[in-house]
Amino acid sequence: MVSPYFLIILIWLIWVLFKRWQLRRIINLSQAIGSRYPALPLIGHGYLFAGDGEGRMTAFKKFGLEATKNNGMTSLWLGYDYYTVISDPVIAEAIMKTCLEKGYLMEVFSHLLGNGSLIAPVNIWRPRRKLVTPNFSLKNLQAFVKVFSQQSEILADRLASVADKNTFSIWKYFTTYSMDSVCETTLGIKVHAQRLSHSPFLWAFEQYCRLTAARMCQPWLWASPLYHWLPQHAILRAHRDNIWNYIDKIIKMKIEERKCEQLSNGSERDKSLLDMLLTSSLSELEVREETLVLVLAGSDTSAVGAAFTACLLSQYSHVQDKVYDELYAVFGDSQRPVEAEDLSKLKYLEAVIKESMRLYPPAAVIARKLDKDVVLPSGITLVKGSGALINIWAMHRNPRYWGKDAELFLPDRFLPASSDTRAPQRHAAYMPFSYGPRNCIGYQYGMMSMKTALATIVRRYRLLPAALPPRPPHHRAHRTHCASNTTL
Ligand code: HEM
């Protein structure tokens, strides 16, 4: 009689051998590229990503720095999924121009986003991108600046209660500002995140993202049949259902509004992105998916970008002085709110935000799945079926492209008429909004929102560094928090 334990071990061994045979080309690639960190059986390098968002970001940084030392590439195994971590723009460009699939890491978000364009397979993504892109025209974005400006005024008013007092974290002010702006321009409703102490929708959204981001990098949580037994899954599903119910109610309300407007021959009210999506050929389900993508992709990213910029302004007072002088040249002593036409005049502020996103890119790492072999200029072939993790954080600090002073905060790099040669010639070396056909659809929106909020604050307050031991602001994977406090 054969022992059942023996049988289990035998089946497991056969499965491992089969898997190694299946992955033989990828294993050869990973050995050719190498990694200084040992990959453990079953979980690969997953053990380095256990812990909270800050721990995960630390692990991503380690792999990014390792890639830079190793000619722009290093190997990373998450379970049986292999990724080449990339910190060289030449390699990133070769992949991002041709490989547009996102792969497993992002697929965990399909539980919430379904086939939303942020994660959808290329055949679904392409037609949706075509439908959504025209809604981000300059004319529509300029109309949104009114919302950014009103919400920025609320943000600045709220800061009055903490100004001149103790050190505080500016993060929650930007994240609620951003949520208010994104919901108003996307959904066409005011969620009052800045005013309410608790919003069930926002709470569900935040908790959902936190749990899913943790699952993304922890292969032991990937197997759905097992994950379904864990308490996190029940919580995740409850949050998702709350989010869906909330969005579905708004969609129904907007459909009714549209019907009434058609009966009354239309009205002049400002249109949200959801209004625009409802005039497209998308079904109700697809509209929900795309609306959620916009809220997810648009809210935290802009908040992180603005919060890091505020922290850096507080630490570099000469840069803040120059931002203030530029604002004074545009607004003088007037108290009027920021308007769309002002934003294009704020060239120095724009350079500051860009330099801040170079050092602290809100989306620090992005993923691609290779659906074909990619032969690199070095002659190495990245193998079909493997993944690529473009480490934007490390790429933006790669001294080969940004010089020996890559770690320094120097906004002049981004001044249009600058004689500064420190800005690299290769376009892909700077990609906070990604690169290639699948880049960020909301980059102008994001820049306008961040500029409006920062301009409003710097006109009213002076940002001072935290009364804590000096420490550069630091990232967390998923939510990239501005952890160094700022005083006003
Ligand atoms: C500072 C602000 C922002 C940053 C840094 C940022 C960054 C990014 C990045 C890096 C990607 C590409 C991910 C990838 O290649 O896998 C992306 C995609 C996307 N972003 Fe943004 N984003 C910002 C703001 C926004 C805003 C405000 C919106 C919309 C309101 C938005 C909507 C999207 C959408 C829809 C995609 C998916 C595009 C596609 O796959 O076709 N983003 N974003």
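**Around the ligand**

Me: How far is a polar side-chain atom of arginine 129 from an oxygen atom of the ligand?
Reply: The model is predicted, so local features need pLDDT of at least 70 and side-chain atom pairs count only at 80 or more, while totals for chains, interfaces and linings use all residues. Residues are numbered from 1 along each chain as its sequence is written, and side-chain values use heavy atoms, without hydrogens or water. A polar contact is a pair of N or O atoms within 3.5 Å. For arginine 129 the distance is 2.8 Å.

Me: Where do polar side-chain atoms of serine 434 and tryptophan 125 lie relative to oxygen atoms of the ligand?
Reply: Tryptophan 125 has a polar side-chain atom 2.6 Å from a ligand oxygen atom. For a polar side-chain atom of serine 434, the distance to a ligand oxygen atom is 2.8 Å.

Me: Which elements give two or more residues to the shell around the ligand?
Reply: Helices (H or I, at least four residues) and strands (E, at least two) are DSSP runs, numbered from the N terminus. The elements are α7 (122–132), α14 (284–315), β3 (365–369) and α20 (443–460).

Me: Which element gives the largest share of the shell?
Reply: Around the ligand there are 27 residues, each with a heavy atom within 4 Å of it. Those that come nearest are Trp125, Arg129, Arg368, Ser434 and Cys440. The largest share is six residues, and the element that supplies them is α14.

How values were computed
A polar contact is a pair of N or O atoms within 3.5 Å; within protein, one must be able to donate a hydrogen and the other to accept it, and residues adjacent in sequence count only if both atoms are side-chain atoms.
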